[in-house]
Each structure stands twice: as structure tokens, then as C-alpha cells.
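Colleague: Here is the model I would like to discuss. Please start with the whole chain, then take me closely through one part of it.

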Amino acid sequence: MSHKEEVLKYLQSGKKLTPLEALNYFGCFRLGARICELREAGYQIINESKYGSFAVYSIELENK
């Protein structure tokens, strides 16, 4: 499974993801690039800034 697929599956489970978590869980050094790819594919990814220093990503689920 690609990093993009792993990130998408993780976010679709309703969890939030930081770059450090992506590195630890999937070995993904470039989470921002994977998020960009997912957005280009039409997914609604939410970016929250945590303490102004790093991003926390989640996905807008259709059926909340």
C-alpha cells in the first residue's frame, strides 16, 4: 500500500494525523505532499494548525 493510500485510510477512520505520526506509523516523510495529492483527487482534507508550529490533518467525512 502506498503512503497516500495509508494516509487516506487512516484519515477515513476518523482519526487526525500529524507529520510526526505519519513518519512513525507509515514511514512517510512528506505528509504535506500526500495531503496535496489527496486534495487534488477531490478529498476534503482539513488542516488545523497546532500551536502554530505543525499541522494536524483530518478528513471531512460525508456521513458524520
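What percentage of the 64 residues in the chain do buried residues make up? After that, please look closely at Ser58 in strand 2.

Modeller: Buried residues make up 31% of the 64 residues. Buried means under 20% relative accessible area, exposed means over 50%, and partly exposed lies in between, with a 1.4 Å probe and protein chains only.

Some ground rules. This is a predicted model, in which local features need pLDDT of at least 70, side-chain atom pairs count only at pLDDT 80 or more, and totals for chains, interfaces and linings use all residues. Residues are numbered from 1 along each chain as its sequence is written, and side-chain values use heavy atoms, with hydrogens and water left out. The pLDDT is the predictor's confidence in each residue, from 0 to 100. The chain averages 91, and 92% of the residues score at least 70.

Now the layout. The chain has three helices and two strands. From the N terminus on, their order is α-α-α-β-β. These elements are DSSP runs numbered from the N terminus: helices are H or I with at least four residues, strands are E with at least two.

Ser58 lies in strand 2, which spans residues 54-59. Ser58 counts as buried because its relative accessibility is 10%. What touches it? Contact means heavy atoms within 4.5 Å. Leaving aside neighbours within four places in sequence, Ser58 is in contact with Leu11, Lys15, Lys16, Gln44, Ile45, Ile46 and Glu48.

Take Leu11 from that list. Leu11 is one of the buried residues of helix 1 (residues 3-12), along with Val7, Leu8 and Tyr10. These four sit on the same side of helix 1, because they cover an arc of only 165 degrees around the axis. That arc is that of the directions from the helix axis to the C-beta atoms. Just after helix 1, Gly14 takes a positive phi of about 95 degrees.

Gln44 is another partner of Ser58. Gln44 and Gly32 are 12 residues apart along the chain, and their C-alpha atoms are separated by 14 Å. Gly32 is in helix 3 (residues 31-40). With 41% relative accessibility, Gly32 counts as partly exposed. The buried residues of that helix are Leu31, Ala33, Arg34, Ile35 and Leu38. Gly42 follows helix 3 and has a positive phi, near 100 degrees.

Thr18 lies in the loop between helix 1 and helix 2 (19-26). Thr18 also counts as buried, at 13% relative accessibility. Not counting residues up to four places away in sequence, Thr18 touches Leu31, Phe54, Ala55 and Val56.

Back to the whole. Among contacts in the chain with a separation of 6 or more, 44% join residues 24 or more positions apart. A compact globule of 64 residues would have a radius of gyration near 11 Å, and the chain agrees, with 11 Å. That radius is taken over C-alpha atoms, and the globule rule is 2.2 Å times the number of residues to the power 0.38. Along the principal axes, the C-alpha atoms fill a box of roughly 30 × 30 × 20 Å.
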